[in-house]
Amino acid sequence: MTATIIDGKAFAAGLRTRVANAVGDFVAATGRRPGLSVVLVGDDPASAVYVRAKGKALEATGMVGYEHRLPADTTQGALLNLIAALNADDAIDGILVQLPLPSGIDSDTVIAAIDPEKDVDGFHPINAGRLATGLPGLVPCTPLGCLMLLKDLGEDLSGLDAIVVGRSNIVGKPMAQLLLQQSCTVTIAHSRTRDLPARVKAADIVVAAVGIPHFIKGDWVKPGATVIDVGINRTDDGLVGDVDFGGAVGHVRAITPVPGGVGPMTIACLMRNTLVAACRRMGIEEQRI
């Protein structure tokens with residue numbers, strides 16, 4: 001069996017183009033561009049790289065980026081005051097606070113302070129509740145990107161057995177909810193799940209988001225399964241995923257590489273979420289993008 005290598009970079013480029021076209025329609029209808037405020041607290045190098053990448057993507061899609069860089073000793077109160085000001089600013093359609101935050105600032109409190117209608121990360125408890133109950137809301141970007149890649153393969157997901165290895169609020173839990181909405185039968189597993197290899201072996205779809213290099217061995221995955229590897233782990237051999245790509249690629253139906261698979265989808269879906277938030281705030285029917 002020759003596996004399909006899922007090209008997330010190419011799909012993300014197409015998604016950004018569709019967003020840019022829709023942004024043009026938004027500007028024609030409203031006279032303004034969608035705006036996203038990105039807040040970075042501290043000087044974490046990886047976070048700074050992500051913020052720069054988001055700024056470039058905003059510019060490329062025709063949206064406006066507002067960057068707020070705060071020192072590492074910023075108090076939680078000062079950060080909450082900034083979020084309150086951004087919530088009240090009509091030029092801002094989306095607010096993203098880059099995680100992780102410095103010690104002394106509670107991430108849950110900060111996320112909960114963001115207006116749910118501007119929560120383009122999809123982390124606010126109200127958006128999490130909307131997703132869990134099937135109501136419209138803003139969906140976390142990485143799981144949304146994973147679902148887009150799965151659906152692009154053209155297979156009907158209804159009735160398939162899926163396993164999500166990872167239980168975070170950022171990826172694992174929302175990914176499971178999205179798969180449930182597609183009528184998959186979903187198992188949520190993690191590093192402490194008993195007999196994990198057998199559970200993975202039973203799945204038609206494997207989503208790996210556990211954050212451990214090559215944690216899922218190639219022979220755990222059954223022939224013909226589809227593998228979505230969310231992991232991005234830095235090792236002496238470079239970036240690798242949570243799945244042993246070399247051990248799986250010879251017998252699976254499709255698999256995302258690392259890098260070049262899920263990673264590019266996260267920022268592309270952030271652009272999509274910003275546009276969706278802007279359309280909803282302005283009472284404009286959002287396009288299917």
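Modeller: Two strands count as paired if DSSP finds at least two bridges between them, and in this predicted model G35 stands opposite V64 in strand 3.

Colleague: What makes strand 2 and strand 3 a pair, and in which direction do they run?

Modeller: The requirement is at least two bridges, and 7 bridges join strand 2, residues 35-41, to strand 3, so the two strands qualify as paired. They run parallel.

Colleague: Why are strand 3 and strand 4 called edge strands?

Modeller: The open sheet has 3 strands in the order 3-2-4, with parallel pairing. Strand 3 (64-70) and strand 4 (94-97) each pair on one side only, which is what marks them as the edges. From one strand to the next, the twist averages 15°.

Colleague: Which strands does helix 3 lie across, and at what angle does helix 3 run to strand 2?

Modeller: Helix 3, residues 76-88, lies across strand 2, strand 3 and strand 4.

Colleague: Why is helix 1 called roughly perpendicular to helix 6?

Modeller: Two packed helices are described by the angle between their axes and the distance between the axes. For helix 1 (residues 8-30) and helix 6 (residues 141-152), the angle is about 105° and the axes are 11 Å apart. The range for roughly perpendicular is 65 to 115 degrees, and helix 1 is therefore roughly perpendicular to helix 6.

Colleague: How do you know that helix 1 and helix 6 meet, and which residues do so?

Modeller: Contact requires heavy atoms within 4.5 Å, and on that basis G8, F11 and L15 in helix 1 meet M148, L149 and D152 in helix 6. The residues of this contact divide into 4 nonpolar, 1 polar and 1 charged; G8 is a glycine, and glycine counts as polar, while Asp counts as charged, so G8 and D152 account for the polar and the charged residue.

Colleague: What lies nearest the centre of the largest pocket, and how many residues line the largest pocket?

Modeller: The largest pocket, with a volume of about 1400 Å³, is lined by 43 residues, and Y50, T142, V230, I232 and T266 lie nearest its centre. Helix 2 (45-60), strand 4, helix 6, strand 9 (233-235) and helix 10 (263-282) are the elements that give two or more residues to the lining, and the largest share, 6 residues, comes from helix 2. By class, the lining has 26 nonpolar, 11 polar and 6 charged residues.

Colleague: Which residues are closest to the centre of the second largest pocket?

Modeller: Of the 26 residues that line the second largest pocket, the closest to its centre are L144, K151, R272, R288 and I289, and about 730 Å³ of space lies in that pocket. At least two lining residues each come from helix 1, helix 5 (125-133), helix 6, helix 7 (172-181) and helix 10. This lining divides into 12 nonpolar, 7 polar and 7 charged residues.

Colleague: What is the omega of the peptide bond that joins L99 and P100?

Modeller: Omega is about 5° there, and the bond is cis; P100 is found in the loop between strand 4 and helix 4 (107-113). The peptide bond from V258 to P259 is cis too, with omega near 0°, and P259 lies in the loop between strand 11 (254-255) and helix 10.

Technical notes:
Residues numbered from 1 in each chain as written. Predicted model: local features only at pLDDT ≥ 70, side-chain atom pairs only at ≥ 80, totals over all residues. Heavy atoms only, no water. Axes fitted to C-alpha atoms, helices over the stretch in contact; angles between N-to-C directions. Helix = DSSP H or I, 4+ residues; strand = E, 2+ residues; numbered from the N terminus. Parallel < 35°, antiparallel > 145°, perpendicular 65-115°, else oblique. 1 Å grid on protein atoms, 1.4 Å probe; cavity = no way out; pocket = protein on both sides within 12 Å on 5 of 7 lines; lining within 4 Å. Points joined across faces, edges and corners; volume = space filled by probe spheres on them.
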